[in-house]
Amino acid sequence: MLSGLVLSAALAVLLLGPWLRDMAATGLVRENYRGRRVAFPAGAPMLACSLVALAPLAVLDDRADLDLLDPDLRRWIVYVLGVALLGLLDDALGRGAAEDTARGWRGHARAIAGGRFSTGAVKAVGALGLAAYAASGRGQQGVDYVRDLALLLLATNLFNLLDLRPGRVEKVFFILLAGLCLGGWTDQPLELLGLFIGPVLVVALFTLRERAMLGDTGSNLVGALAGISLLVTLGGDGRWVALAVVAALTIYGEFRSISSAIDSIPPLRWIASIGCFSV
């Protein structure tokens with residue numbers, strides 16, 4: 001059932017380059033951390049490649065009984081598409097790089113308290129509703145349900161916090177994915193989410209070269225994939241550990257700079273530098 005990954009990656013190879021060039025040519029750009037103007041938000045065409053790939057896969061899976069899509073995708077696709085749409089809302093209607101833009105949960109809370117509109121707050125509440133919908137009906141009760149809900153939401157938000165340097169979101173995601181698959185000796189996340197993972201792999205070729213920026217659309221999508229991968233791969237104890245780690249990183253990111261922390265630790269700085277070059 002890796003057909004989703006293969007087909008979506010192939011379409012991304014064909015479509016992403018021309019699409020991102022057109023975005024840059026028509027003014028759909030934003031300055032990155034170095035002041036370079038790059039295509040933005042790359043998460044939108046990345047998601048579109050997955051949806052284009054879904055069309056033949058869904059028809060053949062149902063009509064030809066070819067078992068091309070994991071049945072559980074019906075549950076999780078709602079969350080993936082929903083948080084990506086919320087990210088696109090923030091990218092399109094938010095204040096972007098303006099100096100007074102609300103940042104983080106505290107910033108959004110202050111914006112609302114001050115009578116300002118915050119697309120980030122809308123995104124947070126919307127993501128909560130989507131996560132509650134996706135996590136329901138899985139047999140989890142009480143505190144275990146709250147744990148799964150919190151892990152899914154915080155993982156999604158964490159990848160949004162990580163999206164401050166070219167390719168960082170994709171690197172962290174694939175390191176996590178490799179750890180889950182090798183540690184559990186399973187390809188379940190690839191089978192379930194390959195439809196969306198393929199374009200993430202391809203878009204990294206553009207973000208690392210500073211030709212595109214994911215935006216909240218892309219970082220939300222990748223964060224959703226990370227959260228779902230944790231839920232479907234880890235057992236109960238593993239989810240508690242994952243929640244503790246993700247919560248700690250999220251809290252740190254609210255009060256300190258994750259980028260500064262990475263730059264101060266040589267092994268992490270080296271990993272962060274892999275593949276980064278501009279053209």
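Predicted model: local features only at pLDDT ≥ 70, side-chain atom pairs only at ≥ 80, totals over all residues.
Among the contributors, α10 gives the most, with six residues. Sorted by class, the lining of this pocket comprises 22 nonpolar residues, one polar residue and two charged residues.

The volume of the largest cavity is about 40 Å³. Its lining consists of 12 residues, with Leu69, Glu191, Leu192, Gly194 and Leu195 lying nearest the centre. Both α1 (3–25) and α8 (188–207) supply at least two residues each to this lining, and α8 provides the largest share, five residues. By class, eight of the residues lining the largest cavity are nonpolar, two are polar and two are charged.

The largest nonpolar core contains 66 residues. Within this core, the residues with the most contacts are Trp76, Tyr79, Phe173, Phe196, Leu221, Leu225 and Ile228. Tyr79 is a handy one to select in the viewer: leaving aside residues up to four places away in sequence, Tyr79 touches Ala127, Leu130, Ala131, Ala134, Leu152, Leu153, Thr156, Ala224 and Ile228. One of these partners, Ile228, is itself listed among the core residues with the most contacts.

Finally, some details of the backbone deserve a look. Most peptide bonds are trans, and most residues other than glycine have a negative phi. The bond from Phe40 to Pro41, however, is cis, with omega near -5°. Pro41 sits in the loop between β2 (37–39) and α2 (43–63).

Two further loop residues have a positive phi without being glycine. Trp185 has a phi of about 45° and lies in the loop joining α7 and α8, while Glu210 has a phi of about 55° and belongs to the loop between α8 and α9. Is each of these side chains buried or exposed? Trp185 has a relative accessibility of 74%, and therefore counts as exposed, the cut-off being over 50%. Glu210 has a relative accessibility of 8%, so this residue counts as buried, which requires a value under 20%.

Notes. Residues numbered from 1 in each chain as written. Heavy atoms only, no water. Helix = DSSP H or I, 4+ residues; strand = E, 2+ residues; numbered from the N terminus. Nonpolar A, V, L, I, M, F, W, Y, C, P; charged D, E, K, R; others polar. 1 Å grid on protein atoms, 1.4 Å probe; cavity = no way out; pocket = protein on both sides within 12 Å on 5 of 7 lines; lining within 4 Å. Points joined across faces, edges and corners; volume = space filled by probe spheres on them. Core = buried A, V, L, I, M, F, W, Y, C linked by side-chain atoms within 4.5 Å. Buried < 20%, exposed > 50% of the residue type's maximum accessible area, 1.4 Å probe, protein only. Contact = heavy atoms within 4.5 Å.
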